[in-house]
Amino acid sequence: MARYDSILDLVGDTPLLALHQLSPNPRVKIWGKLEGQNPGGSVKDRIASAMIDGAVADGRLKSGMTILEPSSGNTGIGLAMVARLRGYKLRVVLPDNVSIERRQILEIFGAEIVLSPGAEGSNGAIRLAEKLAVEDPSLVMLFQYGNDNNWRAHYATTGPEILRDCPEVDVFVAGLGTSGTLMGVGRYLKDNKPGVKVVAVEPPAGELVQGLRSLQDGFIPPIFDPDVLDRKFVVRPRESIEWTRRLLDDCGVFSGISAGAIAAGAAKMAATMDEGTIVIVIPDGGWKYLSSGAWTDDLDVVEERATRINYW
Amino acid sequence: MGMPTREAPLYAGKPLSSTEVAVPVEVRIPTVMRAATDGVATVPSEGNTVGEVLTDLLARFPGLDGSLLDADGSLHKFVNVYVNDDDVRYLDKLDTKVSAGDTLSILPAVAGG
């Protein structure tokens, strides 16, 4: 029955859609999990409840307190939705070059926004959030990059949903980001269907972060375990936008730009396989990226813009 | 710049033999390392494996010493190297083969999401 008591009951159980048109090899099928169907609009809704529940359970978070989180947008939006319903305040440290729509949605949900220098990317948002947390110990930082409830949410929900709906899955492809989706779904699939390959896709973020002063500023999320991955591709902005357009043109899927990158990575993987089934994550819908001109403007113009704006 | 001590682990039992002619590849240098390449973003290098290409690169641009490899000759933990956009850590690491015309990209590990 499709009747619910709370918007939070609508998180998860997202549809899997055939995207076989995208496969360069007719013997390799590609299915996309439409995480934009979550009520907050992205896959991050899954970890928002899980991380807040975890902080309540271990006594760190109490009614009326303020949650602090560095996020380029989607985690912040998911947390804002949950925090509002549960009676917590939320402060999101957001790079100042994320799409305007992300800022607008965070504001609509009542989050307080602290901007970090966009040139420093997500590294800069993490640094600033850590500084704020030290200065004000009453803030409760959930820290998605190091929070086990991030990957556990995917082990508990996303992974089982994929195996239930697509028991023939051979390969799972998702964006790297905090690595939560890949760690959680990857571990679940490997525990329950040995032989499944787990493939990460990432943007060339380190190339674009102008504010990176030295390699010692590098960052690897504490929850990331390279042993869970079997392969990793970097997908550049131009290719990401081309595949975002293909998702719309060939499959009718209006997705965010990271989904385009993940689809491109899946096609690279499909080209290395004789046959089989790939499941990919479509992390969010295209609504938050309209201002990027990804579907409408000249590809060269959008590509140039994408080197300055954080669309992941 | 410490090159001789790094040769053994880098070549990992596969010395450049006379039958294997080093092939030319392009290497993309990230912004944070371009001080060592006079600001140039794409530089030529050669070798038959990723390890050989990086060794050749270090010989051409000694300023990169310390940014690519650790003292034991393994890839620096905050450095990702890709052959045609495929991360070599999940292939054969420094023993990953390269072919003429391949592009090797070096990217620092930073936070995403």
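Before looking at any pair, I wrote down that a residue counts as buried when its relative accessible area is under 20%, and as exposed when it is over 50%, with partly exposed in between. I also noted that this is a predicted model.

**Entry 1: the two chains**

I started with the contact between the chains. I found 25 residues of chain B in contact with 32 residues of chain A. Chain B and chain A bury about 2,500 Å² between them, and carbon and sulfur atoms carry 56% of that area. I then asked how many salt bridges there are between chain B and chain A. The count is three salt bridges.

One salt bridge I looked up pairs K232(A) with D87(B), whose closest N and O atoms are 2.6 Å apart. Are K232(A) and D87(B) buried or exposed? Both K232(A) and D87(B) are buried, so by the cut-off each has under 20% relative accessible area. I placed K232(A) in strand β9 (residues 231–234) of chain A and D87(B) in strand β4 (residues 86–87) of chain B, so this pair joins two chains.

**Entry 2: the domains of chain A**

Chain A is divided into domain 1 (7–37 + 157–306) and domain 2 (45–141). Their contact takes 25 residues from domain 1 of chain A and 19 residues from domain 2 of chain A. I noted 24 Å between the C-alpha centres of domain 1 and domain 2 of chain A.

The area buried between domain 1 and domain 2 of chain A is about 1,500 Å², with carbon and sulfur atoms giving 55% of it. Which residues in domain 1 of chain A lose the most area to domain 2 of chain A? They are L8(A), V11(A) and K288(A), which together make up 38% of what that side buries. I also noted two salt bridges across the interface of domain 1 and domain 2 of chain A.

A reminder to myself: side chains of opposite charge can pair when their charged atoms come close. Over all chains, the structure holds 23 salt bridges. I looked up E161(A), in helix α5 (residues 148–165) of chain A, and R46(A), in helix α1 (residues 45–57) of chain A; the pair therefore ties together parts that are 115 residues apart in sequence. The side chains of E161(A) and R46(A) meet at 2.9 Å, N to O, and both residues are buried.

I checked R164(A) too, which forms a salt bridge with D165(A), the closest N and O atoms being 2.8 Å apart. D165(A) is partly exposed, because its relative accessible area is 35%. Salt bridges with shared partners also join K33(A), E35(A), R46(A) and E161(A) into one network.

**Entry 3: a nonpolar patch**

Y4(A), I7(A), L10(A) and L85(A) make a nonpolar patch of about 360 Å². I found I7(A) in the segment before β1 (16–18) of chain A. I7(A) is partly exposed, with a relative accessible area of 37%.

Note on methods. Residues numbered from 1 in each chain as written. Chains lettered and ligands numbered in written order. Predicted model: local features only at pLDDT ≥ 70, side-chain atom pairs only at ≥ 80, totals over all residues. Heavy atoms only, no water. Patch = residues over 30% accessible without salt bridge, like charges linked within 9 Å, V, L, I, M, F, W, Y side chains within 5 Å. Areas by Shrake-Rupley, 256 points an atom, 1.4 Å probe, with all protein chains shown as cover. Salt bridge = Lys/Arg side-chain N within 4 Å of Asp/Glu carboxyl O. Helix = DSSP H or I, 4+ residues; strand = E, 2+ residues; numbered from the N terminus. Buried < 20%, exposed > 50% of the residue type's maximum accessible area, 1.4 Å probe, protein only. Domains from an automatic or database assignment. Contact = heavy atoms within 4.5 Å. Buried area = accessible area lost by both parts, 1.4 Å probe.
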